[in-house]
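Subject: Structure handover

Dear colleague,

Here is the structure I said I would pass on. My notes on what was found in it follow below.

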Amino acid sequence: FRHNLEPDQDYIYQRKFQLNLDEVVPNITGIQSPKGVPLPEFISMAKETNLPLSVAEGIIGGCSSSSFEDILRVHELAKQAVKNGIKLKSKLTIIPGTKAIRNACKKHRLLETF
């Protein structure tokens, strides 16, 4: 997926970071693991307890952990995915955790993406 990541055009960054994406380990969070679990560890736990490995739904936001910035990031990723022909294989639910976040999302038309 590295080719799908794009810097903002003509933007002058204050600081630059270089990441080796081969070393980044994705995490999965959920009701039972709100702090996040590294994906390889989650897969092992799922196999040991006979949990399904398919993702039925992804949730962005929520009552205690929602932020405008999180929804904005997902919005930008979704735009890049559409631009590159990537389609979701499961449902994605966006939950603005407060009325203020929902209003900010509406103002910036972020929820129309989903």
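Helices (H or I, at least four residues) and strands (E, at least two) are DSSP runs here, numbered from the N terminus. The model is predicted, so local features need pLDDT of at least 70 and side-chain atom pairs count only at pLDDT 80 or more, while totals for chains, interfaces and linings use all residues. Residues are numbered from 1 along each chain as its sequence is written, and side-chain values use heavy atoms, with hydrogens and water left out.

Overall layout

The protein has three helices and four strands. Read from the N terminus, these elements come in the order β-β-α-β-α-β-α. The accessible surface (Shrake-Rupley method, 1.4 Å probe; for residues, only the protein chains shown count as cover) comes to about 10000 Å², and carbon and sulfur atoms hold 56% of this area.

For single residues, buried means under 20% relative accessible area, exposed means over 50%, and partly exposed is in between (1.4 Å probe, protein chains only). By that rule, 16% of the 114 residues of the protein are buried. A contact means heavy atoms within 4.5 Å. Among contacts in the protein with a separation of 6 or more, 58% are between residues 24 or more positions apart.

The nonpolar core

A nonpolar core is a set of buried Ala, Val, Leu, Ile, Met, Phe, Trp, Tyr and Cys residues joined through side-chain atoms within 4.5 Å. The largest one in this model has eight residues: Ile60, Phe68, Ile71, Val74, Ile94, Ile101, Cys105 and Leu110. Helix 2 (68-83) and helix 3 (99-107) each supply at least two residues of this core. Helix 2 gives the largest share, three residues. Leaving aside residues up to four places away in sequence, Cys105 touches Phe68, Ile71, Leu110 and Leu111.

Helix 2

Which residues of helix 2 are buried? They are Phe68, Ile71, Val74, His75 and Ala78. Seen down the helix axis, the buried residues fall within an arc of 125°, so they line one face of helix 2; the arc is that of the directions from the helix axis to the C-beta atoms. These buried residues pack against strand 3 (57-61), strand 4 (91-95) and helix 3. On the face turned away from the buried side of helix 2 are the exposed residues Arg73, Leu77 and Lys83.

The length of helix 2 was also checked. Gly85 follows helix 2 and has a positive phi, near 75°.

Salt bridges

A salt bridge is counted when a side-chain nitrogen of Lys or Arg is within 4 Å of a carboxyl oxygen of Asp or Glu. Side chains of opposite charge can pair when their charged atoms come close. The search of the whole structure finds three salt bridges.

- Asp70 and Arg73 meet through their side chains at 3.4 Å, N to O. Both lie in helix 2, three residues apart, about one turn of the helix. Asp70 is partly exposed, with a relative accessible area of 28%, and Arg73 is exposed at 53%.
- Lys79 and Glu76 form a salt bridge at 3.5 Å, N to O. Lys79 and Glu76 are three residues apart in helix 2, so about one helical turn separates them. Lys79 is partly exposed at 43% relative accessibility, and Glu76 is partly exposed at 35%.
- Glu112 and Arg109 form a salt bridge at 3.2 Å, N to O. Both of these residues are exposed.

Backbone angles

Most residues other than glycine have a negative phi. Asp10, which is not a glycine, has a positive phi of about 60°. Asp10 is in the segment before strand 1 (27-28) and is exposed, at 81% relative accessibility. Arg109 is a residue other than glycine with a positive phi, near 60°. Arg109 lies in the segment after helix 3 and is exposed, with a relative accessible area of 53%.

Regards
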